[in-house]
Amino acid sequence: MTSVEPLDQQPGAPDPPYDCPGYGSTRLRAPKMPLQPLPLGLADAQGPVFGPHQVLPADSDLTQGQPGEPLGERIIVAGRLLDGAGRPVRHQLVEIWQANAAGRYHHDNDRHPAPLDPNFVGSGRCLTGEDGSYRFVTVKPGAYPWQNHRNAWRPAHIHFSVFGTSFQERLVTQMYFPGDPLLAIDPIYRSVRERGAAERLVSSLDMATTVESWALGYVFDIVLGGRGATPLGPVGI
Amino acid sequence: MSSLDQGTASSPPTTSSPSRGATPSQTAGPFVSLGTGWAATGRMVDEGTSGAIVVAGLVLDGAGMPVTDAMLEFWQAGPEGRFAPECPAPWTGFTRALTGPDGAYRLVTIKPGRFPAPGGQTQAPHVNVSIFARGLLQRLVTRIYFSDEPAANMADRVLAALRGGDGSGRHESLVAQLDGDLYRLDIRLQGERETVFFAPW
């Protein structure tokens, strides 16, 4: 078919495999055929552009914008968006979404019998600064049950969606909280096979980010790139 | 923001992670629309814009059932074959769409031009697609080509490699068929006629 060996999971890549038996939803959604390599087309290497007019400063405070304050533990989540060489990724879009403090999403498909909070939607976004930094104010999400297996519970987490400077760097991931005993039994967290890589999904309590008498601060740096080496260079296709 | 909050604006967060390896991917989960839906218009241009086309289809799982909770991102060159920001604003070449209860997506755009490939060749007009959903621990990356570009498609090296000499013809899973006034392409995550997915790195 082609002289190029199709790619499977890159050795050493941090990402989980598509097919992950412990995570039931992969069963009918993970492709069975190997991924195909793409030649490095220069044009494709650039990335989408979001303008500041689309993202307002208030969008980074998930505790505002409703009639009252949400219930739960107010927290600050901050960090830096970096490329694989450790350089800041500037002016790029960071989006988050999460459950409320009771572990319930503001979403029609969430059937967990925990209360919705009329003062919490759980969706925010911002652009990174000159130093690649971002900062959100929110509440700590609750753990919640899901139907993956008997008595399955997700550890508290915040979904992150970030853009790098190229199409290749696009990343959606989840941030967890330090010391959560549910991490050890969560198939999604554990889908990352390399332990050191999985631990990079866990934020750190940070007293410099914490605001005295107001909110605990957690730091979560996001490093793009390194999703496997360039496959075989500009290959013969 | 409260005043207390602003009081820390000058102290940047400390860097806590000693290791600088890449952050792994995790699934976008079933509620991806909550965080990304604000920008999911499915339109690169307004409907009715001169030259606008519609690409539509279903996202299906390995049992042939609709994937009702996916978020698709589209990224493409402009009609002259260049990517933003090298083509005139307001063109960005980027948009998103959520699948509906029937698993359907719909993209309103302008057909991209051919653009250069390594070695002095050109790539056939295509749209890059990323798919995020519950059950996808990483995004899936695919492409949408156009059935009414037979010469460009025949010369395209990515399609050629998939066409194969053995008649496997997997390239067909990437070619949207012109059907009346729209292009149709279903995306099959798994199973017979599984769509071709690419390693995006």
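Two strands count as paired if DSSP finds at least two bridges between them; helices (H or I, at least four residues) and strands (E, at least two) are DSSP runs numbered from the N terminus. The structure is a predicted model, in which local features need pLDDT of at least 70 and side-chain atom pairs count only at pLDDT 80 or more, while totals for chains, interfaces and linings use all residues. Residues are numbered from 1 along each chain as its sequence is written, and chains are lettered from A and ligands numbered from 1 in the order in which they are written.

**View 1. An open antiparallel sheet in chain A.** Four strands of chain A form an open sheet in the order S3-S2-S7-S8, with antiparallel pairing. Its edges are strand S3 (123-127) and strand S8 (171-176) of chain A, each of which pairs on one side only. Neighbouring strands of this sheet are turned against each other by 20° on average, direction ignored; the axes are lines fitted to C-alpha atoms, for helices over the stretch in contact, and angles in general run from 0 to 180 degrees between N-to-C directions. Strand S2 (residues 93-98) of chain A is joined to S3(A) by 5 bridges in the antiparallel sense. Within this pair, A:Leu93 has A:Leu127 of S3(A) as its bridge partner.

**View 2. Chain A in outline.** Chain A contains 1 helix and 11 strands, arranged along the sequence as β-β-β-β-β-β-β-β-α-β-β-β.

**View 3. Strand S7 of chain B, enclosed on both faces.** All 7 of the 7 residues of strand S7 (residues 126-132) of chain B are buried, so the strand is largely enclosed by the rest of the structure. One side carries B:His126, B:Asn128, B:Ser130 and B:Phe132, and the other B:Val127, B:Val129 and B:Ile131. In a regular strand the side chains alternate between the two faces of the sheet. S7(B) pairs in the antiparallel sense with strand S2 (residues 71-76) of chain B over 6 bridges, where B:Gln76 is the bridge partner of B:Val127. S7(B) also pairs in the antiparallel sense with strand S8 (residues 140-146) of chain B, again over 6 bridges; here B:Ser130 stands opposite B:Val141.

**View 4. The largest nonpolar core, around B:Phe132.** A nonpolar core is a set of buried Ala, Val, Leu, Ile, Met, Phe, Trp, Tyr and Cys residues joined through C-beta atoms within 7 Å. The largest has 102 residues, of which B:Ile131, B:Phe132 and B:Ala133 touch the most other members. Strand S1 (residues 74-82) of chain A gives the most to this core, with 6 residues. Apart from it lies another core, of 5 residues, including B:Phe83 and B:Trp91. Beyond its neighbours within four places in sequence, B:Phe132 is in contact with A:Val172, B:Ala28, B:Val32, B:Ala70, B:Met71 and B:Arg139; contact requires C-beta atoms, placed from the backbone, within 7 Å.

View 5. Where pLDDT is low, the predicted coordinates should not be read in detail. Chain B averages a pLDDT of 87, and 88% of its residues score at least 70.

Key
pLDDT = per-residue confidence, 0-100. Buried ≥ 20, exposed ≤ 12 C-beta atoms within 10 Å, placed from the backbone. Contact = placed C-beta atoms within 7 Å.
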